[in-house]
Amino acid sequence: MAADSKDLFGIYVHWPYCLAKCPYCDFNSHVARAQIDEARFKAAYTREIAHMADLSGRKKVTSIFFGGGTPSLMSAALVGDILHQISQHWGITDGAEITLEANPTSVEAKSFAGYRAAGVNRLSVGIQAMNDADLKALGRMHSVDEALVAFKLAQRTFARVSFDLIYARPHQTVTQWRDELARAIDYADDHMSLYQLTIEPKTAFYDLYARGKLTIPDDDLAIALYDVTQELTEAAGLNNYEISNHAGNGAQSLHNLTYWRYRDYAGIGPGAHSRLTVGNKKTALHHHLDPNKWLTEVATNGHGIAAQEILGNAEQGQEFLLMGLRLEEGIDLNRYAAIAKKSLDDEAVSFLAEKGFIELFDSHRLRATPKGKRVLNSIIERLAQ
Ligand SMILES: C[S@@+](CC[C@H](N)C(=O)[O-])C[C@H]1O[C@@H](n2cnc3c(N)ncnc32)[C@H](O)[C@@H]1O
Ligand code: SF4
């Protein structure tokens, strides 16, 4: 995989529905009150793909990501239709990475073979915890046994699978996490997404937390849990290529690398967003969040875009840092200068390097050190002045 390929171009497709709302989740996910009209969604995705392809111009797609919500509730026929439209309007490179996020219930596992036949070649499986009490507390609709059966089926069905967990959960200790992660690593292949639980505003966990009814690990414990995560994944040959993502050689998610390397991607569906070069200008686009509003807008206007904004050089520079410094490979300083139309401030770089937060390497690259990754936002603020 090229370190900084110019040819990356991703498509993100958002499916906005879930069987239930997990109490920690602030993604654009809704529990459908009535039967979902897939034919209406198919028509809307088809029109919006045509619109986004007009905006971007024809260029070959190197990755596609079905995210949610719970895309494993989509029919395989709808997934196949969307892939067909993408291939008609843009074209898809041979060997493109096509990922779908799946919840590991037995119902959803029944669709795996259909997704593979439709063209999906990578499944990201949201196991989330390795004990039933915690799965229940997280509001999940599956047990550990059910999740592992689904995961093994995914391994047999798809060329690539990711094992996804949430840690730093209420009452979790270092010993418990060490044991849980070790068991997960035994099952996983060569990609794991390991997210620290964040308490997001407007979620049920946020309300409980604000009322003192939910205890999450304090900063010291969170760091200890993070350190165990690094220790066990590294020992298993899974490199921490991005803050929350660990992979063996060549198993990194190309789609997510497209975001983090600040390459173009087009979003389709309710609440999707894009970074697209439109007529030579890097443009940010956001789609209507509410699924019904989005459906109506697409039917009326041919797209569900709620806001479209050309990004200035300073904004682009900041976004480039924000994305790139999450990566182990860091950023190319020459590319930063080309995007931001200025170089990084020498004094800020020297200061942060002396303090051990960042390091320069390969003569023109810069990355955050493990110590720096823990305070990334402050580093970016300092660098982007
Ligand atoms: C939004 S989910 C979509 C995929 C699927 N519905 C699932 O639950 O696995 C994508 C990932 O985000 C993670 N996630 C969502 N909210 C989170 C939070 N507050 N803290 C940490 N991870 C979170 C989930 O655990 C999941 O692995
Ligand atoms: S974590 Fe996944 S299943 Fe749960 S509400 Fe969010 S998107 Fe839906």
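A pocket here is an open set of grid points with protein on both sides within 12 Å along at least five of seven lines. The model is a predicted one.

**Stop 1**

Start with the second largest pocket, whose volume is about 400 Å³. Its lining counts 18 residues, and Arg263, Asp264, Thr277, Lys282 and Arg335 are the closest to the centre. Select those five to centre the view. H13 gives the most, with three residues.

**Stop 1: helix H16**

Move on to H16, residues 376-383. Pick Leu376, Ile379, Ile380 and Leu383, the buried residues of this helix. They lie on the same side of H16, because the arc they cover around the axis is only 95°. Now turn to the face away from the buried side, where Asn377 and Glu381 are exposed.

Asp362 sits in the loop between S16 and S17. Its phi is near 50°, a positive value in a residue other than glycine. Asp362 is exposed, with a relative accessible area of 54%.

**Stop 2: the loop between S7 and H7**

Go to Arg169, in the loop between strand S7 (160-167) and helix H7 (174-187). Is Arg169 buried or exposed? Its relative accessible area is 1%, so Arg169 counts as buried. Draw two distances from its side chain. One runs to the backbone oxygen of Gln128, at 3.4 Å. The other is a polar contact with the side chain of Glu180, at 2.9 Å. Then select what Arg169 touches, leaving out residues up to four places away in sequence. The list is Gln128, Ala129, Asn131, Asp134, Leu138, Glu180, Leu197 and Pro217.

His171 lies in that loop too, between S7 and H7. His171 is exposed, with a relative accessible area of 63%. Check its backbone: phi is near 70°, a positive value in a residue other than glycine.

**Stop 3: Gln252**

Next, select Gln252, in the loop between strand S10 (245-247) and helix H10 (254-260). Gln252 has 19% relative accessibility, and the cut-off for buried is under 20%, so Gln252 counts as buried. A polar atom of its side chain lies 3.4 Å from the backbone nitrogen of Gly250.

**Stop 4: a cis peptide bond**

Jump to Gly68 and Gly69, which a cis peptide bond joins. Omega there is about 25°. Gly69 lies in the loop between strand S4 (61-68) and helix H2 (76-89).

**Stop 5: Asp54**

End in helix H1, residues 38-56, by picking Asp54. Asp54 is exposed, with a relative accessible area of 67%. Finally, draw a line between the C-alpha atoms of Asp54 and Thr258. These two residues are 204 residues apart along the chain, and the line spans 21 Å.

Technical notes. Residues are numbered from 1 along each chain as its sequence is written. Chains are lettered from A and ligands numbered from 1 in the order in which they are written. This is a predicted model: local features need pLDDT of at least 70, side-chain atom pairs count only at pLDDT 80 or more; totals for chains, interfaces and linings use all residues. Side-chain values use heavy atoms; hydrogens and water are left out. On a 1 Å grid over the protein atoms alone, a cavity is a set of points where a 1.4 Å probe fits but cannot get out, and a pocket is an open set with protein on both sides within 12 Å along at least five of seven lines; lining residues have an atom within 4 Å of a point. Grid points are joined across faces, edges and corners, and a volume is the space filled by probe spheres set on the points. Helices (H or I, at least four residues) and strands (E, at least two) are DSSP runs, numbered from the N terminus. Buried means under 20% relative accessible area, exposed over 50%, partly exposed in between (1.4 Å probe, protein chains only). A polar contact is a pair of N or O atoms within 3.5 Å; within protein, one must be able to donate a hydrogen and the other to accept it, and residues adjacent in sequence count only if both atoms are side-chain atoms. The arc is that of the directions from the helix axis to the C-beta atoms. Contact means heavy atoms within 4.5 Å.
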